[in-house]
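These are my notebook entries on one model. I set down what I looked up, entry by entry.

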Amino acid sequence: MSLFTGCENDNGFDPNTEQMMDFEKFTLITPLDWTRFYPQGTDGFFGGLTNQKDTLYFDYGIFSFNSIDDVVENDDTINYHELRIGGYPAKIVLEKREGEISERFSLYTDTRDGVNLNRIYCYGPKNQELVRTIFLSHRFK
C-alpha cells in the first residue's frame, strides 16, 4: 500500500484507502486496516496502533524524552536521519539497543516548547517503509 498517492480531499489523504487517526495531541495517516489502542493505568499519554503485523507505540509529552537535541547517534545506531515533519524538527532512528530483542525503529519530534514532544516507535518492523511513511504523516495539533 502506498500512502499519499491519491490525496483526494483537503485533509491530505485518500478516504478510500487511508484514514487519519486523531490521537488528541497529534494525527497520523495510516492504511484502513490499522487500529488504535490505549493501555490502562498509565500516568502519561501513551498508546499505540497496529495492523496485527506491526505495532507502533507512542509516548507523548514532557516525560517521553527531554529534547530533540538529546537524540544523538551512538554505538547502537544503525540508521539516523534528521528532518522536519509538519514544520518541526524530527529524527528517525533505527537502533539495536542492548537488552532489547530486536531492532527499534523510532520517530522523535519536538515543537521545542517544552510540552509537545512525541516518540513513536516499534520493534522489528515487518514493513519498515510503511512505518516510515506513517512517521512522516505525523502532525501536532
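I looked up Asp59 and found it buried, with a relative accessible area of 8%; buried means under 20% relative accessible area, exposed over 50%, and partly exposed in between (1.4 Å probe, protein chains only). The model is predicted: local features need pLDDT of at least 70, side-chain atom pairs count only at pLDDT 80 or more, and totals for chains, interfaces and linings use all residues. Residues are numbered from 1 along each chain as its sequence is written, and side-chain values use heavy atoms, with hydrogens and water left out.

I then asked which side chain meets Asp59 in a salt bridge. It is Arg119, at 3.7 Å from N to O; a salt bridge is a side-chain nitrogen of Lys or Arg within 4 Å of a carboxyl oxygen of Asp or Glu. Arg119 is buried as well, at 13% relative accessible area. Asp59 belongs to strand β5 and Arg119 to strand β9 (residues 117-123), so the bridge ties together parts that are 60 residues apart in sequence. Helices (H or I, at least four residues) and strands (E, at least two) are DSSP runs, numbered from the N terminus.

Glu100 bridges to Arg97 at 3.9 Å between the closest N and O atoms, and to Arg104 at 3.6 Å. Glu100 and Arg104 are both buried, while Arg97 is partly exposed at 33% relative accessibility. Through shared partners, salt bridges join Glu95, Arg97, Glu100 and Arg104 into one network.

My search of the whole structure gave 16 aromatic pairs. Rings of Phe, Tyr and Trp (its six-membered ring) pair if their centres lie within 6.5 Å; planes under 30 degrees apart count as stacked, over 60 as edge-to-face and the rest as tilted. Phe65 and Tyr108 have ring centres 5.2 Å apart and planes at 85°, so they are edge-to-face. This pair links distant parts of the chain, 43 residues apart: Phe65 is in the loop between β5 (55-60) and β6 (77-85), and Tyr108 is in strand β8 (residues 104-110). Both Phe65 and Tyr108 are buried.

I also recorded Phe105 and Phe135 as a tilted pair, 5.2 Å centre to centre with 35° between the planes. Phe105 is in strand β8 and Phe135 in helix α1 (residues 128-136), so this pair ties together parts 30 residues apart in sequence. Phe105 and Phe135 are buried.
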